[in-house]
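This report describes a single protein chain, starting with the overall fold and ending with one residue and its surroundings.

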Amino acid sequence: MKILKNPTAITEWSCETTCTECEAVLEVDSSDISYVFRSQKDGDDYYAKCPFCHTQLYLSTSSMPRAVKRALDKRLSNEEANSRDVSNPF
Ligand SMILES: [Zn+2]
């Protein structure tokens, strides 16, 4: 096979957002995202926490590269699995 273009390894992503509560202007990168809201209708929505007032901020991830999204989903599902109470089957 002849490679015409190497895959682009995009691992960095950030976006600028303004806190809806305290109006702090923040640059959020994928490592800051620690909340995911799963809704069957809209798919996955991502949240970051404002460092000042701890408000959960909705992030538009439409500009997020797929590779970053995948890595983020993997990290979040690992965290979810680790935080799950294994003594409670429900
Ligand atoms: Zn805030």
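What percentage of the 90 residues in the protein chain is buried? In this predicted model, buried residues account for 7% of the 90.

Helix H1 covers residues 66-83. Its 18 residues should span 26 Å at 1.5 Å a residue, and the C-alpha atoms at its ends are 25 Å apart, which agrees. H1 is hardly covered, with one buried residue among its 18. As a general point, an α-helix has 3.6 residues a turn, so residues three or four places apart point the same way.

Thr 11 is found in the segment before strand S1 (14-18). Is Thr 11 buried or exposed? It counts as exposed because it has 9 C-beta neighbours inside 10 Å, and the cut-off for exposed is 12 or fewer.

Which residues does Thr 11 contact, leaving aside its neighbours within four places in sequence? They are Ala 67, Val 68 and Ala 71. For Val 68, the separation from Thr 11 can be given both in sequence and in space:

| Pair | Separation | Value |
|---|---|---|
| Thr 11 and Val 68 | in sequence | 57 residues |
| Thr 11 and Val 68 | in space, C-alpha to C-alpha | 5.5 Å |

Methods
Residues are numbered from 1 along each chain as its sequence is written. This is a predicted model: local features need pLDDT of at least 70, side-chain atom pairs count only at pLDDT 80 or more; totals for chains, interfaces and linings use all residues. A residue is buried if 20 or more other C-beta atoms lie within 10 Å of its own, exposed if 12 or fewer, and partly exposed in between; C-beta atoms are placed from the backbone. Helices (H or I, at least four residues) and strands (E, at least two) are DSSP runs, numbered from the N terminus. The expected span of a helix is 1.5 Å times one less than its number of residues. Two residues are in contact if their C-beta atoms, placed from the backbone, lie within 7 Å.
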